[in-house]
Amino acid sequence: MSIATEQRGFFITIEGPEGAGKSTLAGAIEKYLVSRGRECIRTREPGGTPLAEQLRGVLKHHQSSEKLHTATELLLMEAARVQHVEELIRPALERGVCVICDRFYDSTCAYQGGGRDVDMKVIDWLNDYAVNGCHPDLTFLLDLPVESGFKRTGKRVETMGKFDRFENEDVAFHHKVRSAFLELAERESGRIKVIDADRSREEISQCVEKIIDEYLFKIS
């Protein structure tokens, strides 16, 4: 039996504003955990399963004369999360696999709660209902000034100057999102670790690996 299947799964989420480097960090974490003998999967939100990916398309790229209302956006996000948790995340954790997820419910708190001004009590209830006890063990919040993040996204090959519904929101919206993330980190400092994303990839990876050692491998 492999090391990974002898141990419980570990659930790591990566949060942060646009352009903070979440996908890059997810890859670095996966590489590090595999080097330590752990089986890993990488996934993302919204998305992660075929049905959830269809909902992601609506959430990020809806274009129609029919408005996508804030409540609709929130409920679609939570519906995608239910599919993601029940079809992919929970089964993987039960097999002892480490799950690395690019965004999870903290993004809902930040974007729909902070950015859209939805009542946080409603969001907390919906998040709890959607995950049904499946909470992250450790979350890395890549913090970056809004303006720096958009400079990065404008240079991404996959963006090519075209932005999704959230990226197209005004600067004030994204400042509210960043503030909400930082408030969450202060409220849940045991789980959420704030990482200065305005540094080199190597510096960020070294910082994150040290935290993983302390939390997962109990190395201090």
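I began with Arg103, which counts as buried at 11% relative accessibility. Buried here means under 20% relative accessible area, exposed over 50%, and partly exposed in between, with a 1.4 Å probe and protein chains only. I note that this is a predicted model: local features need pLDDT of at least 70, side-chain atom pairs count only at pLDDT 80 or more, and totals for chains, interfaces and linings use all residues. Residues are numbered from 1 along each chain as its sequence is written, and side-chain values use heavy atoms, with hydrogens and water left out.

**Entry: backbone**

I placed Arg103 in the loop between β3 (98-102) and α5. Helices (H or I, at least four residues) and strands (E, at least two) are DSSP runs, numbered from the N terminus. Why did I look at phi? Most residues other than glycine have a negative phi, and most peptide bonds are trans. Arg103 has a phi near 80°, a positive value in a residue other than glycine.

I then looked up Asn132, in the loop between α6 and β4 (138-143). Its phi is positive too, at about 50°, although Asn132 is not a glycine. Asn132 is exposed, with a relative accessible area of 54%.

For the peptide bonds I recorded the one from Glu45 to Pro46, which is cis, with omega near -15°. Pro46 sits in the loop between β2 (40-44) and α3 (50-61).

**Entry: Glu18**

I found Glu18 in the loop between β1 (11-15) and α2 (22-35). Is Glu18 buried or exposed? Glu18 is buried, at a relative accessible area of 10%. I also found a polar contact of 2.7 Å between the side chains of Glu18 and Tyr111. A polar contact is a pair of N or O atoms within 3.5 Å; within protein, one must be able to donate a hydrogen and the other to accept it, and residues adjacent in sequence count only if both atoms are side-chain atoms.

**Entry: α5 and α6**

I took helix α5 (residues 105-115) and helix α6 (residues 120-131), which pack at an angle of about 155° with their axes 10 Å apart. Axes are lines fitted to C-alpha atoms, for helices over the stretch in contact, and angles run from 0 to 180 degrees between N-to-C directions. I therefore logged α5 and α6 as roughly antiparallel to each other. Angles over 145 degrees count as roughly antiparallel, under 35 as roughly parallel, 65 to 115 as roughly perpendicular, and the rest as oblique. On the α5 side I listed Tyr105, Thr108, Cys109, Gln112, Gly113 and Gly114, which meet Met120, Ile123, Asp124, Asn127 and Val131 in α6; contact means heavy atoms within 4.5 Å. The residues of the contact of α5 with α6 divide into five nonpolar, five polar and one charged.

**Entry: α4 and α6**

I next took helix α4 (residues 70-94), whose axis comes within 8 Å of that of α6 and crosses it at roughly 30°. α4 and α6 are therefore roughly parallel to each other. From α4 the contact has Leu74, Leu75, Glu78, Arg81, Val82, Val85 and Arg90, and from α6 it has Val122, Ile123, Leu126, Asn127, Ala130 and Val131.

**Entry: a distance**

I checked Ala28, which is in helix α2 and counts as partly exposed at 25% relative accessibility. The C-alpha atoms of Ala28 and Leu75 are separated by 32 Å, and the two residues are 47 residues apart along the chain.

Technical notes. Nonpolar A, V, L, I, M, F, W, Y, C, P; charged D, E, K, R; others polar.
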